[in-house]
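Please open the structure in your viewer and keep the selection tool at hand.

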Amino acid sequence: MTDDDKGVTVLGLGAMGSALAGAFLAAGRPVTVWNRTPGKEAALVAAGAATTGTAEAALAANRLVVVCLQDHRSVHEVLDPVGDALAGRVLVNLTTGTPEQARELDAWARERGAEHLDGGIMAVPPMIGTPGAFVLYSGARGVFDAHRATLDALGGSRFAGADPGAASLQDLALLSGMYGMFGGALQAFALIRSAGGSATEFAPVLREWLGSMSDFVTGSAEQIDTGDYGTGVDATLAMQAASYVHLVEVAESQGVGTELLLPLAGLMDRRVADGHGHEDITSVIELLVGRRSLNEIDGREN
């Protein structure tokens with residue numbers, strides 16, 4: 001183990017894992033890397049990283065261990081055989097997974113004498129180490145605070161909560177919003193292309209429009225937290241549902257698929273039929289998730 005305790009071990013050298021290791025090196029941290037398939041470490045070793053022949057030796061090199069593998073099963077495939085070597089280590093799992101998987105790994109790590117943080121990387125590999133990247137972490141706040149200076153090499157470090165699954169939940173929530181935007185943009189481009197238009201020429205207009213509509217996030221969040229969907233509504237759900245029909249109609253007439261449009265149309269129609277047509281479109285969320293008491297949520301996260 002390094003004398004200054006500033007070293008980092010990185011397990012997993014795919015595109016993201018290699019980017020993480022490279023960012024730690026760029027920040028001046030001693031880095032030890034290991035990958036199940038040999039050969040991916042060459043560029044990092046040339047940049048100053050150390051490598052080992054086994055995962056157990058890599059764990060022995062540093063107290064702080066960052067894991068970035070394909071999935072939750074891969075994490076256990078790598079760590080289960082060397083679980084005893086985790087005692088006294090800080091395991092930071094940056095592998096994408098579910099909140100339930102994060103909580104399971106937290107309990108598993110603590111049973112083996114390790115501290116644990118679970119994380120969600122909000123960046124693609126080329127963004128790691130740049131101002132545009134940030135990483136969500138959840139688990140013990142003291143562990144996060146103790147290692148934040150090192151973790152900041154990857155991007156902005158944000159504490160999501162004491163629940164080990166909080167970072168994963170926020171990660172997947174953010175990705176859900178992102179893919180919703182992707183779907184809307186693809187539908188828009190499909191309409192333009194169906195008429196022989198240029199996606200490149202249309203892109204600046206679409207980007208400007210989506211940017212101006214991003215204020216929806218702030219306003220809808222307040223409505224959702226208060227449960228008040230009917231105050232100060234400028235465009236009622238009934239009105240929007242009636243207008244939304246045209247999106248489906250134009251897609252069909254242009255020979256464009258409606259798969260991305262129909263789920264929201266169905267939810268809007270159901271909500272209107274249930275007597276909520278006077279409310280904002282935000283109220284559709286009530287068909288997606290049951291409301292939980294704040295006491296239940298606070299009790300798990302504290």
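**A guided tour**

Select leucine 20 to begin; its place is in helix H1 (residues 15-26). Helices here are DSSP runs of H or I with at least four residues, strands are DSSP runs of E with at least two, and both are numbered from the N terminus. The model is a predicted one, in which local features need pLDDT of at least 70 and side-chain atom pairs count only at pLDDT 80 or more, while totals for chains, interfaces and linings use all residues. Residues are numbered from 1 along each chain as its sequence is written, and side-chain values use heavy atoms, with hydrogens and water left out.

Is leucine 20 buried or exposed? Leucine 20 counts as buried because its relative accessibility is 0%; buried means under 20% relative accessible area, exposed over 50%, and partly exposed in between (1.4 Å probe, protein chains only). Not counting residues up to four places away in sequence, leucine 20 touches Val66, Cys68, Leu94, Ile121, Ile128 and Leu154, where contact means heavy atoms within 4.5 Å. Now select leucine 94: its C-alpha atom is 9.8 Å from that of leucine 20, although the two residues are 74 apart along the chain.

Next, select helix H4 (residues 72-79) and helix H5 (residues 99-111), which pack at an angle of about 15 degrees with their axes 11 Å apart. Axes are lines fitted to C-alpha atoms, for helices over the stretch in contact, and angles run from 0 to 180 degrees between N-to-C directions. H4 and H5 are therefore roughly parallel to each other; angles under 35 degrees count as roughly parallel, over 145 as roughly antiparallel, 65 to 115 as roughly perpendicular and the rest as oblique. At the contact, His72, Val75, His76 and Leu79 in H4 meet Gln101, Glu104, Leu105 and Trp108 in H5.

Remain in helix H4 and select glutamate 77 and arginine 73, which lie four residues apart, about one turn of the helix. Their side chains meet in a salt bridge (3.8 Å, N to O), a term for a side-chain nitrogen of Lys or Arg within 4 Å of a carboxyl oxygen of Asp or Glu. Glutamate 77 is partly exposed at 45% relative accessible area, whereas arginine 73 counts as exposed at 60% relative accessibility.

Finally, select arginine 63 and glutamate 115, whose side chains meet in a salt bridge (2.9 Å, N to O). This pair links distant parts of the chain, 52 residues apart: arginine 63 is in the loop between helix H3 (55-61) and strand S4 (64-67), and glutamate 115 is in strand S6 (residues 115-122).
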